[in-house]
Amino acid sequence: MIAHIQGRLVEKTPTDVVIDCNGVGYHVHISLHTYSLIPNTDSIKLFTFLQIKEDAHTLFGFVEKSEREIFKLLLSVSGIGASIARTMLSSMEPKQILQAIASADVVTIQSIKGIGSKTAQRVILDLKEKVLKVYDLDEVSMPSNNTNKDEALSALEVLGFNKKLAEKVVEKIARENPDATIESIIKQALKNL
């Protein structure tokens, strides 16, 4: 497994980055949480998780080790794939996910796009004990960052949402709250799509 990747940040979008390491560009998928924590500098280091499937090798990157560990925990649950785990980490802060699991809050977990009632219950059943044993819920950090509605729309498209439907929702959110950050636009859109 590739434990981390460090190099020059070449490209940055809300869903992925390209990092140049000695002339090789690595395409790394990220969550909105990681996007909000990436510094505006040339050099970047991300902790990574490499998912190997028959048809693809996909690299996921995280600014914080704790987010990577939560991602791996989520992948261990039957019915949760990398796409849904990334959507979960994009919809809610890692700390909120941990707290929802620890407190058996099915409604909060079920509010995430792609998570039904049975999957939410399975997440809690499979992970509650691990979360309570391993995590001090005060250790997970909170992000802040600003961008625009076009990037939010682009991120929603990459996450697999219908463009016209996403445009309507993002437009409405931007009208109601013109100073909204990209993360808040996407989080609100995920709840309404």
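Helices here are DSSP runs of H or I with at least four residues, strands are runs of E with at least two, and both are numbered from the N terminus. With that in hand, let's start at E167, which lies in helix α8 (residues 163–176). The model is predicted, so local features need pLDDT of at least 70 and side-chain atom pairs count only at pLDDT 80 or more, while totals for chains, interfaces and linings use all residues. Residues are numbered from 1 along each chain as its sequence is written, and side-chain values use heavy atoms, leaving out hydrogens and water.

E167 has a relative accessible area of 33%, so this residue is partly exposed; buried means under 20%, exposed over 50%, and partly exposed in between, with a 1.4 Å probe and protein chains only.

How do α8 and α9 meet? Their axes come within 9 Å and cross at roughly 130°; axes are lines fitted to C-alpha atoms, for helices over the stretch in contact, and angles run from 0 to 180 degrees between N-to-C directions. That makes α8 oblique to α9, since angles under 35 degrees count as roughly parallel, over 145 as roughly antiparallel, 65 to 115 as roughly perpendicular and the rest as oblique. V169, V170 and I173 of α8 meet I185, Q188, A189 and N192 of α9. By class, this contact of α8 with α9 has 5 nonpolar, 2 polar and no charged residues; Ala, Val, Leu, Ile, Met, Phe, Trp, Tyr, Cys and Pro count as nonpolar, Asp, Glu, Lys and Arg as charged, and the others, Gly among them, as polar.

The axes of α7 and α9 also come within 9 Å, crossing at roughly 45°, and the two helices are therefore oblique to each other. Here K149, E151, A152, A155 and L156 of α7 meet I182, I185, I186, A189 and L190 of α9. The contact of α7 with α9 divides into 8 nonpolar, no polar and 2 charged residues.

L156 and I186 bring us to the largest nonpolar core, of 29 residues, where they are among those with the most contacts inside it. Such a core is a set of buried Ala, Val, Leu, Ile, Met, Phe, Trp, Tyr and Cys residues joined through side-chain atoms within 4.5 Å. α9 gives the most to this core, with 5 residues.

Definitions and conventions
Contact = heavy atoms within 4.5 Å.
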